[in-house]
Amino acid sequence: MGLLNIREDIENAKRHDPAAHGSVTIALTYSTLHAVWAHRIHHRLWLAGARPLARAGSQWMRFLTGVEIHPGARLGRRFFIDHGMGVVIGETSEVGDDVMLYHGVTLGGTANAAVKRHPTLGHRVLVGAGAKILGPVALGDDVKVGANAVVLHDAPSGVTLVGMPAKPVAHLSPAELPQIEYSI
Amino acid sequence: MGLLNIREDIENAKRHDPAAHGSVTIALTYSTLHAVWAHRIHHRLWLAGARPLARAGSQWMRFLTGVEIHPGARLGRRFFIDHGMGVVIGETSEVGDDVMLYHGVTLGGTANAAVKRHPTLGHRVLVGAGAKILGPVALGDDVKVGANAVVLHDAPSGVTLVGMPAKPVAHLSPAELPQIEYSI
Amino acid sequence: MGLLNIREDIENAKRHDPAAHGSVTIALTYSTLHAVWAHRIHHRLWLAGARPLARAGSQWMRFLTGVEIHPGARLGRRFFIDHGMGVVIGETSEVGDDVMLYHGVTLGGTANAAVKRHPTLGHRVLVGAGAKILGPVALGDDVKVGANAVVLHDAPSGVTLVGMPAKPVAHLSPAELPQIEYSI
């Protein structure tokens, strides 16, 4: 396993992306994987107290990949970002395993103080392109968020959230996932 | 004419962008034109079977321009992207002639399989900033899509789509185009 | 003071961003400050008639920072952009003092002619992530715009605008600012 979990992430990318090809191509060309792997190093640096270095590394990866992950954010295993340009993940965000975000997603803060001020996402959460999840809200496992939705409130496991502000539309089983147009 | 249609695209940029200046300035500084010209090469590589090379070129242009066009996408003549940061165009997208996209637009997929899963846009379609068009939907000629709209269903020619999910608001003639606030 | 107001902007960044740390770290790693400082030079070049150079500088900063500010735009003091990827500010935009934009915000045009065609923002306006403000609309002082909102009409001072198209939801005092979930 190790710190970076590179092999696991590449296998995961193949499952998520129907346009994906060989492992080497993925490892070299998926800049969103580079952003996640770098974050795992930055997060270790952050926890070890090397905060300016961690911040600088995070900003450098934003330049290289268009994905901005604050080094304080806690991200689970097989975390996957597709396309990724414009993603912003705030300092006190907490994300479970097997979560997938599309480009333009924000896990943003709403309090101007050094407290828990960013979202908490359960396992297998799927967030559509351009969606903004704001404040210390908690989304349960298997929650799906529609494209461009603005999420401001907690949601229980299994819910699909769409709209501005986002509201639940249905409870869907994982098997129904491919049909949720909003979610991708 | 040739593969790249550079002269035609520059003349087209001048028509679209009231802030545009001389041809040399446009050719050198419009990174969205660079993205489109590179895509025409990547698409030829893709069709010729050089898929990893085409993918790598596409990702490199995403880094340089903020525009991500899958090399499999089929784009018409005088295709123009303004500003462009965050644009994502999926593998099985098909786009007619004289189409214009603003920054943050997604032509995205909704099926996790190697089938037709991205949108088809007619001629002279105009898509506002941040709009997401998702799944194998078909938009007719002269369709206009408002900023931040989320389009999930087919639309006939001449319709203007706004909202989340997007709904038609009016049929407008090309002469009325400059007044459509949503569309730009 | 001088042209760039670097010290003032760094102090301002500390006030806005609870994740901010030392001044040197801010000056080196906040690419949105680099974009604003460069714009102040580009704007001087623009006014002096060096328009191709100003445009080229603006596009180069778009590449470096993900923030695209047309050199003709007039921005007030302590203008602050947080995160910034995908921000687009058009040529005839006018912005007051102490304005803050999040990433993905557009101050966009709706007329295809060289007239005033971009927004005018008052002092202390706050614009949430992904919001699009389109056309020569005027927003008063202390206006707040929600994430992903699409603003198409004028608004008086103190109003909070949310939705697509955006509508006023409440008049809020500056002291209530941290509670406005939409705005960040």
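Modeller: We will look at two residues and then at a pair of chains. This is a predicted model, in which local features need pLDDT of at least 70 and side-chain atom pairs count only at pLDDT 80 or more, while totals for chains, interfaces and linings use all residues. Residues are numbered from 1 along each chain as its sequence is written, chains are lettered from A and ligands numbered from 1 in the order in which they are written, and side-chain values use heavy atoms, leaving out hydrogens and water.

Biologist: Is Leu121(B) buried or exposed?

Modeller: Buried means under 20% relative accessible area, exposed over 50%, and partly exposed in between (1.4 Å probe, protein chains only). Leu121(B) counts as buried because its relative accessibility is 3%. This residue sits in strand 8 of chain B, residues 120-121; helices (H or I, at least four residues) and strands (E, at least two) are DSSP runs, numbered from the N terminus.

Biologist: Which residues does Leu121(B) touch?

Modeller: Contact means heavy atoms within 4.5 Å. Leaving out residues up to four places away in sequence, Leu121(B) touches Glu94(B), Val95(B), Gly96(B), Val99(B), Leu101(B), Leu107(B), Val127(B) and Leu139(B).

Biologist: And is Val24(B) buried or exposed?

Modeller: Val24(B) counts as exposed because its relative accessibility is 59%. Val24(B) belongs to helix 2 of chain B, residues 23-29. Its C-alpha atom is 9.0 Å from that of Ile10(B), 14 residues apart along the chain.

Biologist: What rotation superposes chain C on chain B?

Modeller: Two copies of a chain are related by a rotation about an axis and a shift along it. Here chain C is superposed on chain B by a rotation of 120 degrees with 0.0 Å of shift along the axis (RMSD 0.0 Å), by least squares on the C-alpha atoms of residues with pLDDT of at least 70 in both. The two copies are therefore related as by a three-fold rotation axis. They use different surfaces, as 18% of the contact residues of chain C recur in chain B.

Biologist: How many residues does each chain bring to the contact?

Modeller: Chain C brings 33 residues and chain B brings 30 residues.

Biologist: How many salt bridges does the rule find across the interface of chain C and chain B?

Modeller: A salt bridge is a side-chain nitrogen of Lys or Arg within 4 Å of a carboxyl oxygen of Asp or Glu. Across this interface of chain C and chain B, the rule finds zero. On the side of chain C that touches chain B, helix 4 of chain C gives the most, with seven residues.
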